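Here is a short briefing on a ligand site and on one pair of helices. Please look at the structure before reading the points.

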Amino acid sequence: MNLAPWQVELDAARDLWADRVALCSNLAELRSVQVDALGKNGAVTALVRRIGEVANADKRAYGQASAALKLVCETAIADKQTALELAEVAAELADDTFDVTLPPAAVLAQKPRAPGQSGGQSGGQSGGQSGGQQLGHLHPLCRVQTDVEAVFTSMGFAVLDYPEVESEFNNFESLNIPGWHPARDMQDTFWLDNGLLLRTHTSSGQVRAMHTFAPPFRAIFAGKVFRYEATDASHEHTFHQLEGLLIDRVVSVGHLLDSMRTLLSAILRRDVQVRLRPGYFPFVEPGFELDLQCQLCAGAGCSACKQSGWLELLPCGLVHPQVLRAGGLDPAQWQGWAFGLGLSRLAMMRYGIGDVRHLLSGDARFLAQF
Ligand code: PHE
């Protein structure tokens with residue numbers, strides 16, 4: 001019996017694709033054979049579609065034969081896929097390298113700590129005894145910064161980020177601290193070979209912010225600052241500050257003071273007493289030191305506050321007209337207040353840390369306590 005030409009063609013296609021599937025040695029190859037045969041423009045798909053061109057008498061037979069061809073291909077590909085997947089697993093099992101990134105069962109079983117629950121100073125809470133890996137968590141500085149940012153965002157402040165490597169202009173001159181000014185001694189500076197410097201305070205962002213926003217605006221910007229000085233329990237060459245800047249038509253010391261009290265109460269989670277003392281900074285006039293009533297002795301006097309009942313925490317003041325000018329603002333039209341919060345010191349007070357050098361030590365025994 002002679003076969004119709006289409007029948008010969010379908011048989012040949014079946015052999016061809018059976019061979020091509022059999023020759024696949026990995027899943028990617030198989031996938032490409034699948035596309036070539038059964039994809040939208042695949043060869044088998046084209047054969048199935050060709051029924052329109054077949055003589056009426058043959059249509060039924062052709063339909064059945066081409067559907068059978070398609071099914072044979074699909075089955076062969078599915079079988080081959082299973083075989084290749086099994087082979088891959090077998091190869092992985094035969095390879096005795098070990099996935100060190102997989103956490104041990106003890107860690108997977110640990111529960112995260114409830115928010116707001118702070119670690120004690122005396123020992124890690126997670127993982128230690130189980131022998132498992134410890135879960136990571138935010139650094140205490142990062143937590144304090146996030147909290148301060150949340151308070152200020154709720155008061156409409158933008159959160160900005162400025163470079164640690166700065167120009168002399170942004171760090172000093174724009175802030176009314178010319179080269180000969182004695183205030184430069186207060187901030188011994190790390191100079192870079194290219195004439196730039198490591199910012200000595202976050203105030204370096206003040207004129208940047210004035211150039212970024214059209215007034216009125218309010219913004220905070222936190223980050224590392226650097227001072228070339230000897231280190232001890234309360235001094236570190238690298239520490240963290242958070243700067244706040246508000247520019248408006250009319251601003252007052254009262255508004256500044258109230259904003260600071262709101263901030264500190266929110267961070268320390270209780271009502272706090274603050275007081276202002278005159279403080280000198282060339283970029284504010286008037287300038288203040290804002291003191292926080294000692295949280296340990298409630299103002300009675302103790303060793304932490306050197307018997308004074310107060311802790312110096314927050315230098316601040318009204319933005320000096322020269323600084324407004326450097327930021328392109330007319331002091332006859334605009335006023336502002338600014339503060340520079342010592343984030344490192346605030347973290348120390350909040351968590352009862354006695355030595356600032358712990359903060360950036362990277363010592364896991366210290367960090368595990370928070
Ligand atoms: N930049 C000052 C410092 O680092 C602090 C400060 C900021 C003072 C803003 C007044 C206003 O000491």
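An N or O atom in the side chain of Gln-241 is 2.9 Å from an oxygen atom of the ligand, where a polar contact is a pair of N or O atoms within 3.5 Å. This is a predicted model: local features need pLDDT of at least 70, side-chain atom pairs count only at pLDDT 80 or more, and totals for chains, interfaces and linings use all residues. Residues are numbered from 1 along each chain as its sequence is written, and side-chain values use heavy atoms, leaving out hydrogens and water.

**Ligand site**

- A nitrogen atom of the ligand is 2.9 Å from an N or O atom in the side chain of His-201.
- A polar side-chain atom of Ser-203 lies 2.7 Å from a nitrogen atom of the ligand.
- The protein covers 94% of the 320 Å² of accessible area that the ligand has on its own (Shrake-Rupley method, 1.4 Å probe).
- Strands β5 (238-248), β8 (310-319) and β9 (335-342) each supply at least two residues of the shell around the ligand (strands are DSSP runs of E, at least two residues; helices are runs of H or I, at least four).
- The largest share of this shell, three residues, comes from β9.

**Helices α2 and α4**

- The axes of α2 (residues 27-38) and α4 (residues 56-94) come within 10 Å and cross at roughly 170° (axes are lines fitted to C-alpha atoms over the stretch in contact, and angles run from 0 to 180 degrees between N-to-C directions).
- Helices α2 and α4 are therefore roughly antiparallel to each other (angles over 145 degrees).
- Leu-27, Leu-30, Gln-34 and Leu-38 in α2 meet residues in α4, among them Cys-73, Ile-77 and Leu-84 (contact means heavy atoms within 4.5 Å).

Technical notes: Polar contact = N/O pair within 3.5 Å; in protein donor to acceptor, adjacent residues only side chain to side chain. Parallel < 35°, antiparallel > 145°, perpendicular 65-115°, else oblique.
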